[in-house]
Amino acid sequence: MFACGSNKKGQLGLGDATSRNTFTAVPGLPDNKVAKEVVASNNHTMILAEDGTMFACGDNGFGQLGLGDTTSRN
């Protein structure tokens, strides 16, 4: 998977908040999980793994990552 664009909230899933203007490889999911579906919004991204595990990164100011808090994740 590759990502580019604004990353000021960590929504590209690259572990930082540096924007990218060229496609950059996104590291693999934890525990060798395989991405099945990716949904990207302006400031956050959701990833569904083949086994049903969900991952989320980016802006979480209103709890939109569904993690029970309002801490943003990169």
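**Salt bridges, a sheet and a buried aspartate**

Biologist: What makes aspartate 16 and arginine 20 a salt bridge?

Modeller: The closest N and O atoms of aspartate 16 and arginine 20 are 2.9 Å apart. The cut-off is within 4 Å, from a side-chain nitrogen of Lys or Arg to a carboxyl oxygen of Asp or Glu. The value of 2.9 Å is within 4 Å, so the pair counts as a salt bridge. Keep in mind that this is a predicted model.

Biologist: Why is aspartate 16 called partly exposed?

Modeller: Its relative accessible area is 21%. Buried means under 20%, and exposed means over 50%. Aspartate 16, at 21%, falls in between, so it is partly exposed.

Biologist: How many salt bridges does the structure hold?

Modeller: Three. One of them joins lysine 33 to aspartate 51, at 2.6 Å from N to O. That value, too, is within 4 Å, so the pair qualifies.

Biologist: What does the pair of lysine 33 and aspartate 51 tie together?

Modeller: Parts of the chain that are 18 residues apart in sequence. Lysine 33 sits in the loop between β2 (20-25) and β3, whereas aspartate 51 sits in the loop between β4 and β5. Lysine 33 has 25% relative accessibility, so it counts as partly exposed.

Biologist: How do you know that aspartate 69 forms a salt bridge with arginine 73?

Modeller: Their closest N and O atoms lie 2.9 Å apart, and the limit is within 4 Å. Aspartate 69 has a relative accessible area of 26%, and arginine 73 has 28%. Partly exposed runs between buried, under 20%, and exposed, over 50%, so aspartate 69 and arginine 73 are partly exposed.

Biologist: Why does aspartate 59 have no salt bridge?

Modeller: The nearest side chain of opposite charge is lysine 9, 4.3 Å away.

Biologist: What lies 3.1 Å from a polar side-chain atom of aspartate 59?

Modeller: The backbone nitrogen of glycine 61. Beyond its sequence neighbours within four places, aspartate 59 is in contact with residues including Lys9, His44 and Ser72.

Biologist: Why does β3 lie largely in the open?

Modeller: Of its six residues, the number buried is zero. Take alanine 35, which lies in β3. At 32% relative accessibility, alanine 35 is not under 20%, so it counts as partly exposed rather than buried.

Biologist: What does alanine 35 touch?

Modeller: Setting aside residues up to four places away in sequence, alanine 35 touches Met1, Leu29, Ile47, Leu48 and Ala49. Threonine 22, 13 residues from alanine 35 in sequence, is 21 Å away in space, C-alpha to C-alpha.

How values were computed
Residues are numbered from 1 along each chain as its sequence is written. This is a predicted model: local features need pLDDT of at least 70, side-chain atom pairs count only at pLDDT 80 or more; totals for chains, interfaces and linings use all residues. Side-chain values use heavy atoms; hydrogens and water are left out. Helices (H or I, at least four residues) and strands (E, at least two) are DSSP runs, numbered from the N terminus. Buried means under 20% relative accessible area, exposed over 50%, partly exposed in between (1.4 Å probe, protein chains only). Contact means heavy atoms within 4.5 Å. Lys and Arg count as positive and Asp and Glu as negative; His and the chain ends are not counted. A polar contact is a pair of N or O atoms within 3.5 Å; within protein, one must be able to donate a hydrogen and the other to accept it, and residues adjacent in sequence count only if both atoms are side-chain atoms.
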